[in-house]
Amino acid sequence: MLRVAPIKNTLLDGATITEQLYTTPKDCEDFFESLEKPTEVKATPRSTFIRAGVLTTVLGSAYMEYGNTKVLAIVAPPRELMRSSARRMNMGVLNCYVNFAAFASGELETVPEREKHLGGMLTKALEPLVCRNEFLNFQLDVRVLILDDDGCLLSTAINCCGVALVECGISTYDIITASTACIYKNLVFVNPSAKVEELLGQHRGADSAQMEEHGLLMNASMDTFEQLAQCQQCGYMKPETFVKLLDYTLEINKSLRQLIRRVLTDRVKEQHVLDKKEQEAERQEDERLAGIIARLKEQGLHEFIQSNIKEDPYTKK
Amino acid sequence: MAYVALSEAEKTFILHGVEEDFRCDGRSRRDYRPMELETGLVSNASGSARLRLANTDILVGVKTEIDVPNPLTPEFGKLEFFVDCSANATPEFEGRGGSDLAQELILSLQKAYESSLAFDYRTLCLIPGQQCWKLYIDILILECGGNLHDAVSLAAKAALYNTKLPRVTATLLDAGVTDLIISDNPYDCTRVGIDAVPLLVTVCKIGDYCLVDPSAEEEVCSTVSMVVAVSMRNNTGRCGGYKMLRPFITKFLSTAYLSGTHMTGGGSMHRETMLNCIQLGLSIGEQLNSLLVKMLKAEEQRVGPKRPKTVGFLK
Amino acid sequence: METDTTDQSKDDILICLPGERLCRVEDNVVLGEGTYEQGGYIYASKSGIVSIVESEEKYQMVSVNKPGFHLTIPATGDVVTARVLVTTPKFAKCAIFCVRNVLLESSYRGLLRKEDVRETEKDRVDIYKSFKPGDIILARVINQMEQSFMLSTAESELGVVIAYASDARKNRIPMVPIGWGEMQCPQTTIKEPRKVAKVLPESTIKSEP
Amino acid sequence: MAGRMELLSEQGLRLDGRRPHELRHIKCKLGVFEQPDGSAYMEQGNTKVLAAVYGPHQAKSKKAEGNDLVINCQYSQATFSTAERKNRPRGDRKSLEFKMYLQQALSAAIKSELYPRSQIDVYVEVLQADGANYAVSLNAATLALIDAGICLNEFVVACTASLSKSNIPLTDISHIEEVSGGPKLTIAALPTAEKIAFMEMSERFHIDHLETVIETAMAGCREIRDILERAVKEHLIHMGSAADWARVG
């Protein structure tokens with residue numbers, strides 16, 4: 001009776017995805033029981049690792065691990081706008097593409113739809129962040145590759161893209177931080193894992209009639225002017241719980257912001273040191289050249305020097 | 001949305017209008033434009049509705065199909081949205097032009113209808129685990145006059161109200177296989193429960209004021225807008241004792257829930273402005289919902305001679 | 001300024017991140033690169049080192065420059081180096097591959113119209129007498145259209161910098177300018193009309209005997 | 001033609017009770033929308049079609065060859081228009097085919113010498129398909145062109161015709177008659193000038209019946225033209241009444 005969609009996945013022929021998400025509703029119930037219920041809500045981010053400039057081939061790249069959700073973001077320098085659509089106001093266009101790695105998620109038939117959904121939401125979150133009036137008539141492509149999916153996919157992707165944009169030198173109004181919180185059977189989970197998120201998805205929120213509220217809230221904020229870039233809620237909740245979850249996520253965002261600021265500052269120092277070394281090497285090179293010229297000059301080969309070393313007109317020293 | 005080119009002077013004119021709470025078409029910040037709603041236009045579809053909000057024209061058709069339920073939710077039916085931007089609205093929608101706008105509308109509708117508290121999927125189930133109804137909600141956008149989210153959600157709710165699912169009886173054949181007999185008597189049908197179905201209310205921020213039902217011009221000069229999905233749920237459990245006062249009571253006891261809000265428009269918002277956007281959206285959503293349900297019931301009562309032949313586009 | 005100043009002692013560079021407030025807007029403060037102004041204050045929009053440059057009439061330019069590499073987009077008014085791809089009677093299509101002295105990673109499309117080739121007698125310009133496909137030119141960006149940049153070589157120090165003789169030989173050597181309208185190939189002494197850029201110092205131009 | 005249902009009962013009535021030469025009931029309205037330059041809605045029996053016209057405006061650069069008029073059509077059918085749900089409104093073979101037929105028929109009607117190097121967009125949306133979709137779309141497109149004020153040589157009108165088993169010609173074929181295997185001839189004609197702009201036929205019948213079937217289709221076209229003309233006059237009077245033309249009568 002079950003329609004099993006045999007999706008041929010070449011990369012996965014050998015390896016099988018170990019943990020199978022639930023197959024029957026019964027699984028959800030006993031998974032939920034097995035879950036250790038958080039007594040009080042600690043609004044702290046998971047253990048995160050962020051590294052800017054991980055790839056040599058691309059100018060702006062960042063890798064982020066949020067718990068065991070692993071995401072890689074790449075920002076290409078702006079290029080001309082391909083299709084000239086009349087809708088373009090006075091701002092540049094931002095396109096975000098999210099792709100799952102072949103081994104990232106178990107059920108493969110929902111992947112293309114989830115990719116489109118995440119891509120759309122990511123574009124909406126990053127639009128207020130980027131100073132789009134500076135690259136008029138240009139389009140900026142941001143690509144995100146999801147290596148491992150353990151919940152909070154969208155918020156991790158937003159954080160990672162924020163770091164990649166700053167790393168690439170695109171001017172942004174502020175540093176963006178995002179986090180997720182959810183509520184299921186009147187229990188608040190912060191940074192839900194993939195299994196908890198699975199509980200909320202596919203209309204299954206209200207198995208038992210007395211279930212009042214369930215839902216998930218993702219919030220991306222920019223704290224210099226306490227602006228909310230994107231606040232996206234799905235599920236079914238009262239306005240009061242909406243505000244409660246919002247405040248939890250804002251708290252998490254604050255601590256995430258410190259972490260990202262430290263990463264970026266270290267990155268700038270590192271590049272500054274690299275720059276210094278480079279300038280140092282360049283200076284030595286010039287001195288060596290000047291030394292050769294001086295030596296040749298004493299030997300009176302003035303015309304020879306003059307004829308083939310033209311004063312380099314283009315680099316204004 | 002169809003792109004309306006506005007000069008700076010026009011934008012400031014609209015901005016000042018919004019500040020004085022007197023928009024260029026005379027409405028205040030909380031008013032909606034006049035709407036016309038008609039159900040039962042398309043005879044090929046199980047349910048249909050046409051909504052004309054000023055110059056936004058939406059036609060929704062609901063068609064049904066028998067499908068296998070999702071193994072994770074054996075006793076729930078299925079719902080699928082499809083939005084088509086017809087080129088009638090603007091030449092820009094020709095061919096695949098309107099696909100990103102359509103994608104955005106489908107996403108916000110799917111999120112709003114996702115929770116089973118918002119839409120009662122149990123009514124669509126035939127045989128738990130084996131057979132269930134699958135409703136295709138096809139939305140056709142004929143003219144874009146701004147505020148598409150609200151118009152689309154209102155028309156979808158009206159079409160769902162108008163949907164007539166034929167009664168299905170299951171006979172147990174040998175070897176456990178159940179065979180479904182669908183009755184073809186047009187009047188022997190069940191309806192889909194729509195009281196908790198959410199409505200999308202777009203609260204648009206122009207300058208530092210929030211307004212509802214933005215027209216195409218106001219949408220162009222707004223930096224950011226919040227789409228609030230309002231679902232009314234009358235928790236019948238509590239008012240058990242006042243059976244005879246029920247209609248009066250449920251009006252108060254039905255509380256408004258949020259079933260899928262998100263921000264769109266490419267701007268950002270302060271925390272306080274977002275919260276009073278949500279408050280405004282909730283209050284407007286409640287009024288809109290009660291008005292819609294009253295109107296649908298009224299149209300249903302006009303049966304027999306009083307029922308005008310469907311006027312449709314001929315008005 | 002709430003930037004962290006802990007490790008500033010080393011070589012007193014001031015690191016800032018996007019969104020950090022730099023200073024208040026006074027009349028003599030000019031917004032530099034990598035900053036934006038909001039509510040009377042100047043904020044950083046890039047991560048990097050803050051530099052305050054005193055220009056002549058006591059104007060301070062606050063700018064943030066990012067160490068490491070520099071992502072540049074040709075802005076209106078920049079002098080760019082471009083290669084001529086296609087010439088038609090009305091315009092020359094070129095690919096911009098370097099802005100000021102920063103080499104770009106991906107080339108941008110440039111368009112040099114006939115009227116913008118030189119200041120004098122604008123309309124009687126023949127593109128094929130000024131540029132040939134394959135030449136390297138210096139030009140100034142005057143406008144940014146939808147799909148490409150509008151270039152102009154109207155000033156005297158703009159125009160062809162490196163040109164190859166148009167007779168297709170393998171090892172082509174660059175031609176030497178002999179005046180502002182012509183270039184000569186040292187091997188085959190063929191003279192070809194070009195709009196030469198006045199960049200080379202006077203002494204290197206051998207005057208016609 | 002095995003299993004071809006009997007289109008005509010003994011008493012000479014068709015499946016939906018019409019006489020052989022009778023048309024389905026036609027209702028139409030001009031000026032349905034505000035944003036397009038011209039729009040029209042037409043109902044012929046249960047087939048309901050919306051048409052919108054934009055233009056004449058500058059032709060997109062890639063299509064303007066020479067200085068003649070480009071008619072850009074799009075035929076799309078709502079997913080809920082047929083009994084069986086279509087999963088794509090346009091882009092399938094039939095829509096592209098109808099798009100070409102529309103272009104061919106309309107180019108015969110529009111005076112293209114008045115609009116050199118320009119483009120007219122004609123978009124047709126079928127809300128409900130109950131047979132003769134192409135014919136009703138063309139009639140709706142004609143009304144939309146008139147509403148947009150585009151000069152036409154004459155009303156271009158389309159009508160379908162078929163042949164029952166007992167060789168009696170039938171006009172205006174509905175979906176059931178179409179599906180039950182009867183031959184179907186679609187004619188787009190300029191009735192007063194007795195010219196045929198476009199003709200298409202499915203299934204087959206004997207050659208010497210061709211003459212009578214074409215004649216019935218042309219009679220159908222003339223009848224539809226009169227109905228459309230009455231509707232346009234009514235619309236003009238209604239529009240004109242605002243600026244008191246109505247007294248002209």
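What share of the 209 residues of chain C counts as buried? The figure is 29%, where a residue is buried if 20 or more other C-beta atoms lie within 10 Å of its own, exposed if 12 or fewer, and partly exposed in between, with C-beta atoms placed from the backbone. This is a predicted model, in which local features need pLDDT of at least 70 and side-chain atom pairs count only at pLDDT 80 or more, while totals for chains, interfaces and linings use all residues. Residues are numbered from 1 along each chain as its sequence is written, and chains are lettered from A and ligands numbered from 1 in the order in which they are written.

Chain C contains 1 helix and 16 strands; helices (H or I, at least four residues) and strands (E, at least two) are DSSP runs, numbered from the N terminus. Two residues are in contact if their C-beta atoms, placed from the backbone, lie within 7 Å. Among chain C contacts between residues at least 6 apart in sequence, 47% join residues at least 24 apart. UniProt, in an unreviewed entry, places the feature "domain: Exosome complex component N-terminal" at residues 15–53 of chain C. UniProt positions are given in the numbering used here, feature names are shortened, and annotations may be inferred rather than shown by experiment. That span is 0% helix and 59% strand, and its end C-alpha atoms lie 16 Å apart. C:E54 belongs to strand β6 (residues 48–54) of chain C. C:E54 counts as exposed because it has 10 C-beta neighbours inside 10 Å. Its C-alpha atom is separated by 9.6 Å from that of C:V29, 25 residues away along the chain.

Chain A has 6 helices and 10 strands. Of its 317 residues, 39% count as buried. Residues 24 or more positions apart account for 73% of the chain A contacts with a separation of 6 or more.

Chain B meets chain A through 39 residues, which are in contact with 38 residues of chain A. On the chain B side, α2, β14 (254–258), β15 (262–264), β16 (269–270) and α6 (271–301) each supply at least two residues. The largest share, 5 residues, comes from α6(B). By class, this side has 18 nonpolar, 16 polar and 5 charged residues. Here Ala, Val, Leu, Ile, Met, Phe, Trp, Tyr, Cys and Pro count as nonpolar, Asp, Glu, Lys and Arg as charged, and the others, Gly among them, as polar.

Within chain B, helix α2 (residues 99–113) packs on helix α3 (residues 148–162) at an angle of about 55°, with the axes 11 Å apart. Axes are lines fitted to C-alpha atoms, for helices over the stretch in contact, and angles run from 0 to 180 degrees between N-to-C directions. The angle makes α2(B) oblique to α3(B); angles under 35 degrees count as roughly parallel, over 145 as roughly antiparallel, 65 to 115 as roughly perpendicular and the rest as oblique. B:L105, B:S108 and B:L109 of α2(B) make the contact with B:L148, B:H149, B:V152, B:S153 and B:A156 of α3(B). These comprise 5 nonpolar, 3 polar and no charged residues.

In chain D, D:P116 sits in the loop between α1 (93–109) and β5 (118–128). D:P116 counts as partly exposed because it has 13 C-beta neighbours inside 10 Å. Not counting residues up to four places away in sequence, D:P116 touches D:N67 and D:D68.
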